[in-house]
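Keep the viewer open as you read.

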Amino acid sequence: MRDCSKKARSREGSKINVFFLNQEQITDMNLILLGAPGAGKGTQGKILSDRLHIPQISTGDILRANVKNKTALGIKAKEFMDRGVLVTDDIVVSMVEERLMMNDCAAGFLLDGFPRNMKQAEALEAQLVRIGKGIGHVIGIEVDKKTLVKRLSGRRVCRKCGANYHIIFSQPLNMGVCDKCGSAEIYQREDDKEETIEARLVVYEQETFPLIEHYTKKGMYHAIDGTGVVDGITGSIMEIIGQRSNNS
Ligand SMILES: [Zn+2]
């Protein structure tokens, strides 16, 4: 209820906004994007970030940037990585918090693949309160398991140059030969084998189901059918966040 009234007021105009500067700033463009591996989250994230002029924030990117720039958090994270263990949720969450405080997040942001589980979601909520922000919408790109397996298990990669192919959707011009470098070593990554995919999807479901429930209860969750064409899916998402691409 609190969220609705504030959102309604902020739409009325900038005069009223002034009074709310020190409170939570919830904008329709503070977004979380959820989706299983193969659901097209990366593709949609990139398009939305371009169209809405908001940064696409993934934990992988933040982690790499922190390690590269040798920030305090980056140095801590690297200790874990060097030992070959997962960087703890605490470090990841702190990195996200620092990232969300940067200027380019003022008008909105798109969290891509974060939070991954309830623990991270709770930490995110606490940190958003600390920095005076709030989530507007959680978009879940939903694709049935059979389609996901078909998409993921068809992926092939060139061993030499890393070019990506798909046995149904984007075959190389000459079967088995890389278009880019001419290598004949196009293979299936271990991660993309059917048995591995099934296991990855089970883990994803187990971690994400409670998140979906949580955001549904808060009235923030929107399920989007991720099986149509790319443009159509983008259009559905834009409608939800109130950006009716051009014609309204
Ligand atoms: Zn190649």
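Predicted model: local features only at pLDDT ≥ 70, side-chain atom pairs only at ≥ 80, totals over all residues.

What follows starts with model confidence, then turns to the sheets and the helix pairs.

The chain averages a pLDDT of 87, with 88% of the residues scoring at least 70.

Now for the parallel sheet. Five strands line up in the order β3-β4-β2-β6-β10, forming an open sheet with parallel pairing. At its edges you'll find β3 (56–58) and β10 (221–225), each of which pairs on one side only. Going from one strand to the next, the twist averages 25 degrees. Ile 57 has Leu 111 of β4 as its bridge partner.

Helices pack against this sheet. Helix α3 touches β2 (30–35), β3, β4 and β6 (137–142), and its direction makes about 170 degrees with that of β4. Angles over 145 degrees count as roughly antiparallel. Helix α9 (residues 194–217) lies across β2, β6 and β10, and runs at about 120 degrees to β10.

There is also an antiparallel sheet to look at. Here 3 strands make an open sheet in the order β8-β7-β9. β8 (164–166) and β9 (186–187) each have a single partner strand, so one side of each is left without a neighbour in the sheet. β7 (residues 155–158) pairs with β9 in the antiparallel sense over 2 bridges, and Cys 158 has Ile 186 of β9 as its bridge partner.

On to helices packing on helices. Two packed helices are described by the angle between their axes and the distance between the axes. Take α3 (residues 41–52) and α10 (residues 230–240): their axes come within 10 Å and cross at roughly 60 degrees. The two are therefore oblique to each other, and the crossing is right-handed. On the α3 side the contact uses Thr 43, Gln 44, Ile 47 and Leu 48, while α10 brings Val 230, Ile 233, Thr 234 and Ile 237.

Helix α8 (residues 145–153) packs with α9 at an angle of about 135 degrees, their axes 10 Å apart. α8 and α9 are therefore oblique, and α8 passes α9 in a right-handed crossing. From α8 come Lys 145, Leu 148, Val 149, Leu 152 and Ser 153, and from α9 come Glu 194, Ile 197, Glu 198 and Leu 201. That contact of α8 with α9 divides into 5 nonpolar, 1 polar and 3 charged residues.

The last pair is α4 (residues 59–68) and α5 (residues 72–82), whose axes come within 7 Å and cross at roughly 105 degrees. α4 and α5 are therefore roughly perpendicular to each other. Leu 63, Asn 66 and Val 67 of α4 meet Leu 73, Gly 74, Ala 77 and Lys 78 of α5, a contact with 4 nonpolar, 2 polar and 1 charged residues.

Terms used:
Residues numbered from 1 in each chain as written. Axes fitted to C-alpha atoms, helices over the stretch in contact; angles between N-to-C directions. Helix = DSSP H or I, 4+ residues; strand = E, 2+ residues; numbered from the N terminus. Parallel < 35°, antiparallel > 145°, perpendicular 65-115°, else oblique. Left-handed = near helix turned anticlockwise from the far one by under 90°. Contact = placed C-beta atoms within 7 Å. pLDDT = per-residue confidence, 0-100. Pairing = 2+ DSSP bridges. Nonpolar A, V, L, I, M, F, W, Y, C, P; charged D, E, K, R; others polar.
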